[in-house]
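Colleague: I would like to learn how to read a model of this kind with some care, feature by feature. Could we go through it together, starting from the overall picture?

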Amino acid sequence: MRHLSQPALAALFAASLLGSFFLPVISIPLLIQITPIATLDEVGIEGLKRMDLTGQLFFLAFPLAALVLVLALLRRCPGILALVAGAVPAGVVIYAAFNFNDQLRKLGLPLQATDFSDLLGIGAYLYVGGAIGLVVLGLTDRGRG
C-alpha cells in the first residue's frame, strides 16, 4: 500500500478545513443551519472588521487553508505554513471551548457546553479535523515534500 505524501496530506487537510466554510457549523434541525459563508455574507467586511479577535481568526483560517491547498497542489507547501494554518483554527476552537459557558451566560442562553455538542454541524467537525491534521503535519514535517 502506497502512503500519501506530505503535500497530498496537506492538500487533504486544507481542503477539509476550507470545505467547512460552506457547510453548517451549527445545525438545529428544522430551525437553522449556520454556515461561515452565510455569516460572512450577512455581516460583510465591515462587520468582520468589528468582530472580536477570535471571530476574525476564525475567518482568517479559511484563506490560510486556501493558500496551503494551492501550495500543496503545487508541491511547494512548507511545513511551517501548514502548522500556522492549522494552529490558527485550533487556537480558536480551544479558546472557544474554554470560554463557551461564559459566553452563553453573557448572552442569557439556558444552554451548557454539553448541550451545545448536539448542535455542531458537519462543518465544525471538518474545521477541527482539518486544523488538527495540519498541526500534526506541520509538526512532523521534515522538509521532504
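This is a predicted model: local features need pLDDT of at least 70, side-chain atom pairs count only at pLDDT 80 or more; totals for chains, interfaces and linings use all residues.

Colleague: Which elements make up the chain, and in what order do they run from the N terminus?

Modeller: The protein chain has 6 helices and 2 strands, and from the N terminus on the order is α-β-β-α-α-α-α-α. Helices (H or I, at least four residues) and strands (E, at least two) are DSSP runs, numbered from the N terminus. Of the 145 residues of the chain, 35% count as buried, a word that stands for under 20% relative accessible area, with exposed for over 50% and partly exposed for what lies in between (1.4 Å probe, protein chains only). The accessible surface comes to about 9,000 Å², and 68% of it belongs to carbon and sulfur atoms; such areas come from the Shrake-Rupley method with a 1.4 Å probe, and for residues only the protein chains shown count as cover.

Colleague: Which residues touch the most other members of the largest nonpolar core?

Modeller: In soluble globular proteins, nonpolar side chains tend to be buried together. A nonpolar core is here a set of buried Ala, Val, Leu, Ile, Met, Phe, Trp, Tyr and Cys residues joined through side-chain atoms within 4.5 Å. The largest one has 27 residues, of which L17, F58, F59, F62, V68, Y127 and L134 touch the most other members. The elements that give two or more residues to this core are α1 (6–19), α3, α4 (79–107) and α6 (122–140), and the largest share, 9 residues, comes from α3. Leaving aside neighbours within four places in sequence, L17 is in contact with residues including A61, F62, A85, P89, L126 and L134.

Colleague: Is P36 buried or exposed, and which residues does P36 contact?

Modeller: P36 lies in helix α2 and is buried, with a relative accessible area of 2%. Apart from neighbours within four places in sequence, P36 is in contact with S20, F21, L23, V25, F58, F59 and F62. P36 and F59 are 23 residues apart in sequence and 7.8 Å apart in space, C-alpha to C-alpha.

Colleague: How many salt bridges does a search of the whole structure find?

Modeller: Side chains of opposite charge can pair when their charged atoms come close. A salt bridge is counted when a side-chain nitrogen of Lys or Arg is within 4 Å of a carboxyl oxygen of Asp or Glu. The search finds 1, in which the side chains of E46 and K49 meet at 3.4 Å, N to O. E46 and K49 are 3 residues apart in helix α2 (residues 36–50), so about one helical turn separates them. E46 is partly exposed at 47% relative accessibility, and K49 is exposed at 54%.

Colleague: What is the phi of R75, and where is R75 found?

Modeller: Most residues other than glycine have a negative phi, and most peptide bonds are trans. R75 has a positive phi of about 60° although it is not a glycine. R75 is found in the loop between α3 and α4 and is exposed, with a relative accessible area of 51%.

Definitions and conventions: Residues are numbered from 1 along each chain as its sequence is written. Side-chain values use heavy atoms; hydrogens and water are left out. Contact means heavy atoms within 4.5 Å.
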